[in-house]
Amino acid sequence: MRPRSLVFWAGVVSLLALLVSLSIATAATNRSSRATASYPAPPVPGAAAIKAKYGGQSITFVGDSVGGGHQRDLALAKKFSQQTGIKVNVVPHPAASDAAYSQLARAFSAKSSSIDVAMIDVVWPGAFAPYLVNLKPKLGAQSKLHAAGIVANDTINGKLVAMPWFGDYGILYYRTDLLKKYGYSKPPTTWSQLFQMASKIQAGEQKTNASFAGFVFQGNAYEGLTCNALEWIASAGGGHMIDNGKATINNAKAAQVLDAMRSQIGKTAPRGVTTYQEDQTEHAFDNGDAAFARNWPYQYGIGAGAGSKVKGKFSVTVLPHGASGKPVGTVGGWQLAVSKFSKHKDATIEFVRYMTSPAVEKFDAITNSNVPTIPSVAKDKAVVRTNPYLKPAIASVARVTRPAKYLKTHYNEASKVIYQGINQILNGTPAKSVLPGIQAKLNQILKEK
Amino acid sequence: MSRSVRLRRSPVGRVLTRLGFWLLIIAIGIYALFPFYWALRSSITPDTALFNTPVQYFPSHPTWAHFHDALSSSYFRRALLNSTLVAGAVTLLSLAVGSTAAYALGRFRFHGKSFVLYLMLSMTIFPQIAILGALYTMFSGFHIIGPIDFPKLYDSPWALVFSYMIFTLPFTIWVLTSFMRALPADLEEAAYVDGATPLQVFWKVLLPLIAPGLVTTGLLAFIAAWNEFLFAVSFIQSPSHYTVPVAIFSFTGTSGNAFQFPWGTVMAATIIVTLPLIAATLILQRRILAGLTAGAVKG
Amino acid sequence: MACHSPSLSTMSSVATPAPTGETTRRRRRGTKLQRRQTRLAWLLLLPSLLIVAFVAIYPLGKTVYQSFTNQEFLAGITPTKWVGLDNYHQLLHDTIFRDSVVLTIKFTAITVTIEFALGLIIALVVNSKFKGRGVMRAIMLVPWAIPTVVAAKMWLWMLDDTFGVINDLALRLHLISHSQSWITVHPLAAVSAVDIWKTVPFVALLLLAGLQVIPEDLYEAAAVDGANALQQFWRITFPLLRPAILVVLIFRSLDALRVYDVFAVFFGNRLGAQSMAVVAQGTIVQDGHVGYGAALCVAIFLIISLFVVIYVTVVRVGDD
């Protein structure tokens, strides 16, 4: 046998080092158990009756992706299983929204009974309607507790194909201390005001902080950009990309606001903003490197949390609007839907009833900072305390929805056309060369069945 | 002697050349290893310091927290397991099938041998993307003949085992064939005289002799299968079936919002994934190089 | 290439002239044995051939067939039907695909050239005997061994426009005046940097293997004849290294044309920053257009085959 070389032993040593450190790390993990929410999962109303009828059955719930949301799903499922004897198997969906979509699309088109209940994005009811159970007979009464707009979004051809679960909408984050420092008494109400204020604040702050930017948002070529762009266009009176079944994105007001955004890239918005998703936006703002940020409400909890550099120095308000328009927020959020191919429809519907009840929505709002879809829960004092963006002034902003109901199964593809085009505009191409192409492609997709 | 040679041969010239040489070596080493250092540094930097400007080259308060997070994610652990199983299955299958094929191609003479050899060679440059759509629809199950249906492999690790053969098998056959051919021509004579069957000859005589080749191709097949991304991201949907590259690509932390991308934890996951590979590479570097050059240079 | 079946060679070595009957019998025995050998060989090859047929040949044929249909993944209401060359007509007008082909070819040209040049230099440097050469070789193999996705994520973090170390270093060394968003403004440079980092060491090692086969005495003889280092390189090293160089060039080029991982991690669906494979994968898996996607795949396959043909022709012409 050849004598072993130095390199060989280096490899052995590093392998051993890895094993040792991994065992230390895992052992430490086992010892310090994850802090369970001090707020317990609420009890299941009528648990005994449910247990008598459906106890012993087993259902599969495709829920939130790995992370805090998955933890919440596990806690709720555990409570439900304990009290009703219905075993709930929680499967997290992929983090990327189009991968999550494909997962469900495949299962449904294969008529698989492997999924009983799934968390579906607010833009998917139209696509999945043929595969979902009508919840109106059993949950119609409970649905009246929820926001009418979202219930309408989840009702396709008179069938309630999904129950609202939690909501989301775009809001504007701003640094209260910087506004005061540069002499502004209140946050901007129009886009041009925002650009002005961002420019002045950035000029001042960049003297001491080279990475400071006036305004950050999600400009990457992905679904989030479709949400941002819808807010710009709708708030400027440019329509909703598709109106009444026809693509309307190619209009003067839309082009104007998109070109205005484009002109800010590299000026008040960092050049890299066309690669930003929610995470980079949040990091920029919470690190103190931005004056204004557009993001979903989830950012609030992080910024206000312990150890945050901007704690106590920021607030939220509705997004600005164009000269002739009104403030809007794109609807995000998730619904719960029951598969037509489920072998345990009734037990599953009981699970959905529990999950979309006011008590559970309150639990979700407090432990996960999610926006409740039940207005009464949104007004609850404890909920508002942990989620200040639920103040009526902000929470009642006009919601705009992405044009999913016209696009049905082709929503993903159409959104791709939109966000790729908008990303191209942000990266420097004038809107008038891009919008006609987007409109033509959208009309073509609308024609497809 | 030319002036440059005289200069180079002078003591000063020698020292300078030597210095320049060593600087170059160090530069190459840094170039190869710096990203790993950076990943390591990021994995032990707490979140509060990770998104700081200016950048810290070594954290003032290093932490194990990111490693905890990465390992406490059962989905990441599952991905490590999935990758190991898939890569292991692919390697074993490639070696089993490939060695018998190499036996035929390396020790037998028959019509069509060169055709098969060139077929295998051309397979090594086959672009996987070209058959993505076909495999994608095949895995949803399709009808072969009569009652035989192709199993629905979509979202199953077996879809990967099956499709990875396309790049592991041809290369394995090509390299093992050259190992087989390199063995002396009359090696099997003695065994045949003793009445051994061809399969016994294969198992007892030839296989042990090409053992280094088996180790090499097995290693290369394992690494190739472990690192594959295109098929894995296209055929696997559920997070519990992810392999390591897909898990790293769509990593989400165990806590926090779906929107948050945990750079610190991802870097920790990266270190966890790469350290064994680095260790294996260091331990087996001679084998790996031998295999790669056998495939490339001798071919 | 010759590898005689052992029994045949044994027989021929002991063969002596014999009366016709015996020869015929022996020849008949010879062919029967040969036939059995052949049968056994094909039997041994059967699993491999079946696998290759199922995993590569059948799918390739299926892809070609699909490219003439309008198959959608979620078939829905429109059943799959034959549409002839419609997909190919659409392909010719597809600016997104065309841009991706151009970008992929540019990427290939840049990375293969730089990887080859740097790899050759490094190989020449490491070729000299020095203590720790084994360690150096091992270190150089490491970037190649890790998954490309992992390398891409590491580089993405290093190239971050705010928190990235590349910007920080460049600023400290006064190479740039303010932080760059490399991914946005210099996409091809960023993506090439990762590929080069991952592959240069590997290319260097392959060339090194080729260099080490060249006998030392050739250099000594040339030095005695008064040749300087550069002349030695051109007259001795380069010609003898040629087979290794060609192999490296063709394999690297084909890998670069097939690139997917690093483009997917860096750019996702961004227009003007997609490789051919990214566009095809997105069309099939994200959009569900199996038929049109298959046409894209056929186009990619033809483009890559074209490169192979060009290479083989150039090499053959060079040989003559």
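**View 1. Helix H11(A) passes helix H21(A) in a right-handed crossing.** Right-handed here means that the near helix is turned clockwise from the far one by less than a right angle, and left-handed means anticlockwise. This is a predicted model, in which local features need pLDDT of at least 70, side-chain atom pairs count only at pLDDT 80 or more, and totals for chains, interfaces and linings use all residues. Residues are numbered from 1 along each chain as its sequence is written, with chains lettered from A and ligands numbered from 1 in the order in which they are written. Helices are DSSP runs (H or I, at least four residues) numbered from the N terminus. H11(A) contributes A:Ala254, A:Ala255, A:Leu258 and A:Asp259 to the contact, and H21(A) contributes A:Ala431, A:Lys432 and A:Leu435; residues are in contact if their C-beta atoms, placed from the backbone, lie within 7 Å. By type, these divide into 5 nonpolar, no polar and 2 charged (Asp, Glu, Lys and Arg count as charged; Ala, Val, Leu, Ile, Met, Phe, Trp, Tyr, Cys and Pro as nonpolar; the others, Gly among them, as polar).

**View 2. Chain A meets chain C through 25 residues of chain A and 21 residues of chain C.** On the chain A side, helices H1 (6–31), H4 (97–109) and H20 (411–426) each give two or more residues. H20(A) gives the most, with 6 residues. The chain A side comprises 8 nonpolar, 11 polar and 6 charged residues.

**View 3. Chain C is divided into domain 1 (56–93 + 289–320) and domain 2 (99–286).** These bounds come from an automatic or database domain assignment. The C-alpha centres of the two domains lie 29 Å apart. Where they touch, 12 residues of domain 1 are in contact with 11 residues of domain 2.

Key. Contact = placed C-beta atoms within 7 Å.
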